[in-house]
Each structure stands twice: as C-alpha cells, then as structure tokens.
Amino acid sequence: MASVESSGVLLRPPKISDQAALRRERDVSLWQHLFFSLLLSLPFIGFSLIASQAGFLSNQHAHLVAKVLQAIEYRRLELIGFTYPPLPFLLTALWARPLMPSLIASLAAGATAWLLLRHLLRTSLSPLTVVLVLCALAFTPATLYIATQSLTEMATLLLFLLAWLAFLRFTRYGETLSGFVSGLILGFAFFFNAYALFFSVAYALGSPLFYAWRRLSPRERKWQADLTLVIVIGFPSLLAFLSWAYLNWVFTGDAWLFLTDPTAPLYTFFSPTETTSLDLFSTLAYSLQEVTRAPLYLAGAVLVAVHMPKRLVAYFVSFGVIAVVRMLGWNYTEAMAIATYSVVAGAGIPVRTSRAWDKPLLLVAILHFLLNLNSPYQSNELRVWEQVILKQQVQTQDALETEIAQWLCKQPPQSILADDRAVYRLVARCGDSRPFLLPAEGEFLMALHAPAQFVNYVLVQRQGAPALDQVSQRYATAPPPGFRVGANWDSWTLYRRIDAEAQLSGSGTLR
Amino acid sequence: MSDTASVSPSTPKLSSALRLGEALVQEGVLSPQELQRALELQSRTSERLGRILTSLGLVKRQQLYRVLAKLWGMPFVDLLQTPLDYKIARQFDPQELVRERFFPFARGSSHLLVATAEYPSPALLERLQALVPNHRIEFYVTTEWDIDYAIRQCFRDQILDRAAHGLYYRNPAECAFTVLTFGQYLFLVFVLLILIFGLYFATRPTLIALNFFINLAFLGSILFKFAVSLAGAKYEQIQPITEEEVASLNEEELPTYTILVPAYREAKVIPLLLDNLRRLDYPAAKLEILLLLEEDDQETIQAAYAAKPPEQVTFVIIPKGQPQTKPKACNVGLFFARGEYLVIYDAEDRPEPDQLKKAVIAFRKGPPNLVCVQAALNYFNHDENFLTRMFTLEYSYWFDYMLPGLDRWRLPIPLGGTSNHFRTSVLRQLGGWDPYNVTEDADLGIRAAANGYRVGVINSTTYEEANSQLWNWIRQRSRWIKGYIQTVLVHSRNPLALLKRAGLRNMLGFLMLIGGTPLTFLTAPVLWIFYLLFLLTGTRALDFLFPPLTLYISLFNLLFGNGLMIYLNMLAVFKRRYYHLLIYTFLNPIYWILHSIAAYKASWQLLTRPFYWEKTIHGLSRELWRSPQTT
C-alpha cells in the first residue's frame, strides 16, 4: 500500500484478490462479447421476423418509425419536438423500416442473455440448469414480447444490467471506473426510458450501503465519502433529466412536455390510460401478485438472502421502483415488469450458489416458464402478438392497416392532411411521411384552417383519436368545406376534396 | 591553503598499503567507529567511500581530498585561492572537464599544472601531453567543487550561451526563440486575409463556419478528455511500480542520481527544501543535489549558505544573462550533472521518499526509448481556500487519471513543472530545456515524443504548494497557457515532418491536448456571451449561427459536455480520497472563467513579451510551515 508519509494521504489500496477477480471478469474480449451476443440474439431475431412476416407492428415501433421518417424528411430534430426518448429514435434512424427497432431490440436481448449466461456460468450450478434457467427467463411471452417489440424497454433492461454489473464492481472491488461507468450508463438509460432516473436514485442511495470501504484515514468523514458515492452514481441521470427538460423548455416553452405529452413518452410514462392502479394497497397487492408470476425472481431472493443478506435490499430495488411508479399513478407495463424481474433474477443469483441448488432451481425454472406461458396478459397488443406468434396468422387489423398505408403512400407529397399523433401507424407502414401534411410542417396550421387550399385529402379518426390530434378533433364528425367523404376504413375516414380526382379505386377493401 | 609556489609534486606520499579509510583515521580526520559505519554502508551500496563519508557529514570535502592527495602522492591545490590561467583550459570542451573532473590551471615554460578530483588515468595524461608536447604534466589534487568552480569561472560565457542557445544552435526549429517562422507568418496572414475577405463578402457563411469549427473543437476536446481519463481510470488500481519492487531493490546497484533544484527569490523556502530532500529514501552518497541559484539573487544565495546544507548539495550559481528563466538555470544544472538519472524539484516540493527508487525501477522496466517518467503532482495546502481546492481537483484529475490515460494510449505526455525524472544522457541528446519556452517542461515532453522517445508516469507523488492568491494564480496560469501556445507554434512549424516523426496518433494527441487547451479557453467566452445573450434577452438574432449540425453539437457541448467535464473532475477525489472536495467540482464553471482570463492575458503577452517568465511567488501558504506529518 502506498502510504504517503509526507502528506498523510492514503491512496486506495489495490487488493490482490480484487485485481484477480476483476481480471476474471474481464477475461472475454470485446469481440467475443459481440460474437456471443449476436449468437444469442438469433432466436429473438427469428421471433421478430415471424411477427414482421405476419404484418405485426407494435405501437411503440410504429411511433418510432413514423417520427424517424419525419425527421428524415425535415432534416431537423427539433421540428418534431425532440421526441422522447431520443435514443430508440436515433437507432431506428439507421434504417427507418418497421423491422429495424425489432432487430435492434433483439440484439439488445441477445446481449442481455449473454451477460446473464456469463454470470450464471460463474456459479457452481450445472450447465444444464444454467441453460434451462436462462431459457425460462428469456422465453416467456412477456420477455419475448419486450425483446422483440419494445426497443425502448429492451434497451433499458440491457443498460440496467450493464449498470448493475458495473455497480457491483464499484461497490465490491472499489473500482472507480466502474462507478463512473455505472453512473454514465444509468444516465444514458434515461434517453431510453425515464424510469432510469428512479433506478439511478435507488442505486445512488444504496451505494453507501454496499460499498466495501477500506480503512478511512482519521481526517476522512464517512458522510462525505458516502455523499461522493451517491453523487457519482446519481449525477449523470440527473444531468440527463435536466438537460432534456432544458431542451424542451428552449424548443417548446414547456420543460416537462416530454413527460406530459401523451404521445411523446412512448406509452409508459405518464400514460393514465394504461395505468393499473393508483391506490397504495391495491398497487402493492397487484405488484405482489405479479411477482408470484416470476418464481425465479423469488427463488433469486431466497438465494441472495442465504448467501448475502445485505444485498437483499438491492435485489428488491426493482420491485420497489415498480411499485412506487405505479403508486404515483404512472404506468409500468406488466410485460416490462415481468421482464425486469427476469433480468434481476438472472443477474441476482449469487456467484456462490452451490450445486445443491441445482434441482430446486430447475423446478422453479420450469414453474416460471409454465406460469408465464399460461398467464392472461392485460395488454391487448401483447395478446395479439401472442396469437400472431402462436398461429402465425395475419391479423385483419394489420392487413387492413397495411393496405391503407400502401394506398396513402402512392399519393403526391403533402396531399393528405393528418396528425401523426393518430396516423403514426399508417405513416410507419407507408415507410414515407412525404404524402402527409403533418403538424411538424410549417403550413400545417394554415392547412388545418383551410384544407381545400393545401391538400387533396384529410384523414381523421372517427373514434378513439388522441386529444391532441388536431385534425380529428376538428373534422371527425363533418368534412371540411370543399371536401366530402371519400372512404371509411374501420375507424378511419378519408375526406376527398370535391374537385380532386377520385383515385380511390385501388382496392376493394379500401372502397 | 596552498598557492602555486608552494605546490610541489614531491609531496610526501602515504604508505601505498594504506586505504583511504585507514588514511583518514591515521590523519585523525575520522574515528575508527565512523569508518566502520561508512564501510558497512559501502558494502550495501558499493559507492565510493569518499562520497559516503562526505554525504554522511563525517568528513569535509577538503579534508577528504587533502588525504587523497597524500595517498596519491600529489600536492593539494585550492582553486578558489589560486590564480587561474584559462587559456589552456579553454582548449578543452568544458563538458569533458566536468565529466573527467580535471582542470588545467597554470602553464609554465616547461610544465602544465592540472588540478584533478580523480586519480589521473594514463589516457588523460596522454591527451594532455599531446596538447603540450614539450611540457611536464604536474597533477594537483583538488575537490570536485573546486573543479566545478573553475569551470564556471573559465567558461562562464560559454555555459551561459549553451544554456540559453544550445537548443537553438542544435536545431532552431525546435526552439521558441523564433516565435513565428516566416512560413507561419505567411500562413497566419493568409488565414487572416481569408477571414477578413469572408467576413466582408460573405459575412453570414463565414460566421457560421467559424461558429461550427469552434463548437467542433470543443466537442473534440471533450470527447478526447473523456476517453483518455476513463482509460486512465481503468488502470487506477494497477500500480506500475509496486512496493515489493521498491523493497527488493539492491542499493548496491543504484545509480548516481542528480537532483536539480532551481530556486529564485525563494530564500524563505530553502530550509524547508533541504528538509524535504533529506527525507528521500536514496543512498545519500549516490545523490548529487544541484541547487541552482541566480547570480543576482543574493538573498537566496545567503539563505542557502546559512542553511548549511549537507555535503552532497552543490550550489550552482547561474550567470546573469537573458533570458533569466528556469529552463536556462536547469540547462546549466544539466551541464554539471553527473548522475545517470536526473530529476527536477521546485524549492517547496515534498516528494514521496521512495520516488527516486521508483523512477529507477521504471527506467529499468521500461523500453530503451523511455526518456522520462513523470511523478504525480499534488498539493499539500488543498484546503486553504477556493483556489487551492479547485487547483487540487484539477491536478488530481490531471496527474491521477489524464496522464496515466495518455501513458496507456502511448500519447505524448506534457511534463509537469517538477518531478520529471530523466535519463541524463538522452536529455542532453534532446538538447535540454528550451529557455525561451515558458512551459519548457510540456515542450520537452512533446519534443521527446516527436523524436521517437517515450515519456511515462510513475505512481509516486510530489506535494507542492497550490497557488492560493488569485492574481498570482492568473500570472502562473497565463504563463502556462502562453507556453502551450509557444509549444504548439514550435512543433507545428513543419507539420509534415512532425507527422512523419511522431505519427498521426501522437500528432493528434498533441494537437488535442496542447493546442486544444488554449483554444477552448480563448473561444469559450464567445460562446458564453452568446448563451447569456440568449438567456437574458431571448433573442433569436443569433439563430442563423446555428444551422442544424452546429446546433446539435453546440447543445451537446453546453449540456452534456460541461456536465461530463464536471463529472470527470469528480474522478479526482477518488484516488486520494479527497471526498470533501467533491462538492467543489460543481464550481468548475467559475474556475473555467479564470482560465479564460488567463488565456487572454497569455495571448496578449505572447504578442508583447513572448519570453517573459512570470515568476510564481511561492511560500505564501500557511501550510508550508507545518510539518509534513501534520498536513
């Protein structure tokens, strides 16, 4: 240890055992990580392709693709209101097609599976148990859905896992870099999911509990050291949060728009329609009931309690955050909750777990799989997706949407007045936002007042249009002056300008 | 004392069977117990007994050489009391005289008198004989100090000239004596003309382009620092030199180490300096401490004499002459240095005791082209006030994370002002320090990299005094920034040659680090003013300066860049457990404003007084006078 006589300063002593442990953790190169992540993402890619072939497109991915298409058309991010969360949006921009977010989510799922596999292989469990536990965690409808149809949430889970692993290195071995990496990852995760802030606060506040303090010198104060840990873990998320609020304030005048705009936060955050419960006890009861559908999570808790009881608090952070979020009246989807518990269960099983736990864990894994396979999910979209995967049938709704989109796509640029808060699925399926005159366009407001002077068509949703869909709010019940009903598809109505040429002969269904 | 007349080669010789120690005992200079102690030390270090005895203070230098004179059967001469004839000495290269410690001091019609501090070798005799064929060579024994004194007197102008212009004579392109070369003038004028032309004929596009490049430079600087400091943090727990390696060092095999301590107007600090040097864990007999004192600084010279330093400390009086800078003094020190390795310490420095040993190990373990290792610098008065806290955070971050990161990535390392340890021979090959560059240390690090040498870091710290007064801080910082600009100008004179010699990676690292620092501090106020204007007035008049790409980069810099810089600065508190300083990292923006003020001062001074060395006043800290154990 480098004790410094002349200064009284005590440098951090690197313990040899710590260094050896860190070396073991880093015995795989980056390329190997990438290779195995890619390898393990293949099943998820397969599921993505099956859903895509069947015409399934999740709301989240449709929203992402629609926004990206607009960004590409206008070449200015701020024109479309700094879509939150920005990173799924930027990733989708690499190839603005409905399949793209599913592919990236699958890669993230592969990387998550690989990290969990590595972790589980470091225990003394038999390889068979490890593989079955991993399969039980990964191949439930909820996790598969998140892994293939929810880029935002899957990427968030991967980042949480990476942050957790770095957090462990930080608190166990005192590796400063890992603390900073953990903080940075949590901050980065905020650009995928606003709940990262909650996890970040939880980890930050928990870090003093777990940090393996070496001997403090007499002049050091414990509270200062603890505060340092809290700030290092929490600062990046807070910075990310405030930065995004600032951007919203500068470009929209409302710092919290990214949280309050019903379409902006991608269906989870501040989305009352999806909210399960606001009541404290019923929320807790619901969350507890949800946990019982993740027996591996509970088994993980038992193992943590046996091997390292102090860490039980950290293990239940995920449960706490989910419960708190729901108590606050915000939404944490059921599928995301199950997926979160699955990742925490996989990462939380202590390395010291002995082979004696092989059989019990094997049984719990089978139970976990079966319970989840037969669980009725609240989310309609998830149920539809399950049907698509199980029966591999094209859903009528999807087929119709695709057909409408294909027809709309053939129209001249900016000839259809619509609001992307309602028509994002059609824009995404179309693969091109140019035929639409959308709110991001400078002429939109003028066109809204006098559509006849600007467009040939006005597209509205008769029922269930979002409150902010200005076009539907105005014209859902009656056509704009100079327009008449051109077509009615499901809940959609397309008004055609009277003097415009009738071109609605493309498809019988559309007629 | 002897004079020339009394000097005679027929001095009675002591019995040749006697060894030095026995002779000293016989002469009554040393007690048998003291001899025994010195011999024990000698068996451990293999150092010459004479050096051990003087370093232990058991024997005065002159006593030692007088006895040696008797042993060798030669007369003793005190060169300080003897009129010296410089003509014959000037036929030698002074470096040769220093190396072999002899000085021809008088010449008669038939004889040449040569003072020596070493037993004359046949080769030397032969060389001297060849110079004066028909003369008898008569050797006189004298002390090393006398030899050095004679050399300084004889070669005063030459030493001064070498120290001030040696690098320039060697390669003018590597010296900051010429601020701008003709080519650089032309280039700058060309750029300026383009700018004026652009502003006149295409004002908006020119301003947009300027704004874009400023923002891009910021982004590059942020990402570079981020990547390098995380690389440094990655290896935080890996100690390049372990305690075990230090403990297993065989003192016998340790080389002579020269310590240069330039001190100017630091009379107050001299006693502390000696105290700090005494704490070094290195065989005293193998230490050569050269205290570099300026001729016109009588106060410090008096203080140095009054401090009664141990025998291994040599005062080197730097002849007065321009430029009167620290690097010039160091070059004079380098001229007299005999150590295999050499290090610079400032007068108020408190190096960790095992630093020299760690440096020796680093050189032994390192590649042959490792020319220098830099120890970390930090401050003992970190809690004195806002400035010292910020300074400590900055230094902890820089030396504990940035430099190790640069080291890991094999990028050029700008040396810190002190505690840089060199292979003396290679330092001489490189031309020593540039006396016209006011950050001669940073320049030397870059020059070493440009010449294919490596600079590394060692896990040892020297504690210094952090500047605690604002104006003093700005003076110091403006000198550093001016030096960085000088260094950029010097090393970018021939970019293609630099690219060829140093490689793209090193060149980019150099530009990002040395060029990026002044650039960001100079341009930051422009961006701050833009931002303040927007915040206070909500004006959209500046919107045209921010087309999409520039806007995104600018926003990234503003929000995440600044945040990242603050966050990275938090790293600083970990290695040294300065947890109480963490909260001050949030005050970095204020500290950056001070940097910008210093940067503008530096730029102005580069135009008006390019070589002016703004002396940092030391000895201001209250902590300085506390014992190291209590700070």
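In this predicted model, let me begin with two helices of chain A, H20(A), residues 396–409, and H21(A), residues 420–430, whose axes come within 8 Å and cross at roughly 70°. That angle makes H20(A) roughly perpendicular to H21(A), because angles from 65 to 115 degrees are classed in this way. The crossing of the two helices, H20(A) and H21(A), is right-handed.

I turn now to chain B. Its secondary structure comprises 23 helices and eleven strands. As to overall dimensions, the C-alpha trace of chain B spans about 95 × 50 × 45 Å along its principal axes.

How does the radius of gyration of chain B stand against that of a compact globule? For 631 residues, a compact globule would have a value near 25 Å, and chain B has 28 Å, so the two agree.

Two further figures describe the interior of chain B and its contacts. Of the 631 residues in chain B, 49% are buried. Among contacts in chain B with a separation of 6 or more, 81% are accounted for by residues 24 or more positions apart.

To close, I return to chain A and its pair of helices: H20(A) and H21(A) cross at roughly 70°, and their crossing is right-handed.

Notes. Residues numbered from 1 in each chain as written. Chains lettered and ligands numbered in written order. Predicted model: local features only at pLDDT ≥ 70, side-chain atom pairs only at ≥ 80, totals over all residues. Axes fitted to C-alpha atoms, helices over the stretch in contact; angles between N-to-C directions. Helix = DSSP H or I, 4+ residues; strand = E, 2+ residues; numbered from the N terminus. Parallel < 35°, antiparallel > 145°, perpendicular 65-115°, else oblique. Left-handed = near helix turned anticlockwise from the far one by under 90°. Rg over C-alpha atoms; globule rule 2.2 N^0.38 Å. Buried ≥ 20, exposed ≤ 12 C-beta atoms within 10 Å, placed from the backbone. Contact = placed C-beta atoms within 7 Å.
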